[in-house]
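Subject: Structure for your review

Dear colleague,

Please find below the structure that I would like to hand over to you. My notes on what was found in it follow directly after.

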Amino acid sequence: MSKQDVVHSEPFILASGSKIRKKILLDHGIQFGVQKSGVDEEKLKQNILDLSFEERVIKLASAKAKEVSEINLEKYVVGADQMCVCKGMVFNKPGNLENAINNLKLLAGNTHCQYSGISIFLNGKSLWTFCDKATLTMKKLSDEEIISYVLEDEPYECCGSYKYESLGATLFSKVKGSEYSIQGLAFDPLMNAFKKFGIFF
């Protein structure tokens with residue numbers, strides 16, 4: 001991302017191109033600017049493998065927020081990241097049909113966690129970070145059920161290979177945690193942090 005002046009008039013800037021994160025905020029009537037960071041996430045992920053999953057998602061969320069914050073001085077910037085983990089294995093966005101099917105075959109019948117990391121930066125400095133965790137148990141699914149689901153919901157850009165906000169919620173027998181965190185944005189903790197810093201809409 002080039003060091004150019006970017007002017008935003010909204011209360012804060014979301015350093016993410018995620019459609020579902022934007023939708024969650026907009027559905028609550030919140031106004032904000034959007035500026036996707038240029039952080040090399042894959043490179044950063046390789047450098048933080050020794051950290052806990054909670055620390056990793058916070059590091060990733062903070063890296064995005066920091067980069068955008070350094071370009072938008074005097075503006076609050078929110079960074080977010082999500083990590084799906086099952087039996088110590090990280091499930092990234094599948095990107096295509098085959099990967100989504102294979103991921104769901106591994107998750108089916110098992111319990112996994114969705115980690116939602118979030119941060120607020122101002123003038124390139126971290127003001128607040130947080131990680132929320134949700135635990136989900138997926139039903140035992142046949143190959144046919146998995147294929148049918150993937151073809152219908154097309155969760156190719158979803159962490160864990162399912163759209164929880166859509167048909168993905170029907171795949172689970174037990175869920176503990178915030179539906180927003182499952183979708184990639186620890187919404188309630190973020191709202192509490194906004195109140196703490198006097199950010200109102």
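Helices (H or I, at least four residues) and strands (E, at least two) are DSSP runs, numbered from the N terminus. This is a predicted model, in which local features need pLDDT of at least 70 and side-chain atom pairs count only at pLDDT 80 or more, while totals for chains, interfaces and linings use all residues. Residues are numbered from 1 along each chain as its sequence is written, and side-chain values use heavy atoms, with hydrogens and water left out.

I begin with the salt bridges. A salt bridge is a side-chain nitrogen of Lys or Arg within 4 Å of a carboxyl oxygen of Asp or Glu, and by this rule the count comes to six. One of them joins the side chains of K23 and D27, with 2.8 Å from N to O. Both residues belong to helix α1 (residues 19-27), where they stand four residues apart, about one turn of the helix.

For accessibility, buried means under 20% relative accessible area, exposed over 50%, and partly exposed in between (1.4 Å probe, protein chains only). K23 counts as partly exposed because its relative accessibility is 46%, whereas D27, with a relative accessible area of 54%, is exposed.

A further salt bridge links K64 with E41, whose closest N and O atoms are 3.7 Å apart. Since K64 lies in helix α3 (residues 53-71) and E41 in helix α2 (residues 41-47), this pair ties together parts that are 23 residues apart in sequence. K64 is buried, at 6% relative accessibility, and E41 is partly exposed, with a relative accessible area of 29%.

Which residue forms a salt bridge with E70? The partner is K66, and the closest N and O atoms are 2.5 Å apart. E70 and K66 are four residues apart in helix α3, so about one helical turn separates them. E70 counts as partly exposed at 33% relative accessibility, and K66 counts as partly exposed at 35%.

Is Q35 buried or exposed? Q35 counts as buried, because its relative accessibility is 11%. Q35 lies in the loop between β2 (33-34) and α2. Its side chain makes a polar contact with the side chain of N72, at 3.1 Å. A polar contact is a pair of N or O atoms within 3.5 Å; within protein, one must be able to donate a hydrogen and the other to accept it, and residues adjacent in sequence count only if both atoms are side-chain atoms.

Finally, I turn to helix α5 (residues 143-153), in which L151 is found. In α5, the residues I146, Y149, V150 and D153 are buried. Seen down the axis of α5, its buried residues fall within an arc of 95° (taken from the directions from the helix axis to the C-beta atoms), so they line one face of the helix. They pack against α4 (97-107), where contact means heavy atoms within 4.5 Å. The face turned away from the buried side carries the exposed residues E144, L151 and E152; for L151, the relative accessibility is 51%. After α5 comes E154, whose phi is positive, near 45°.

With kind regards
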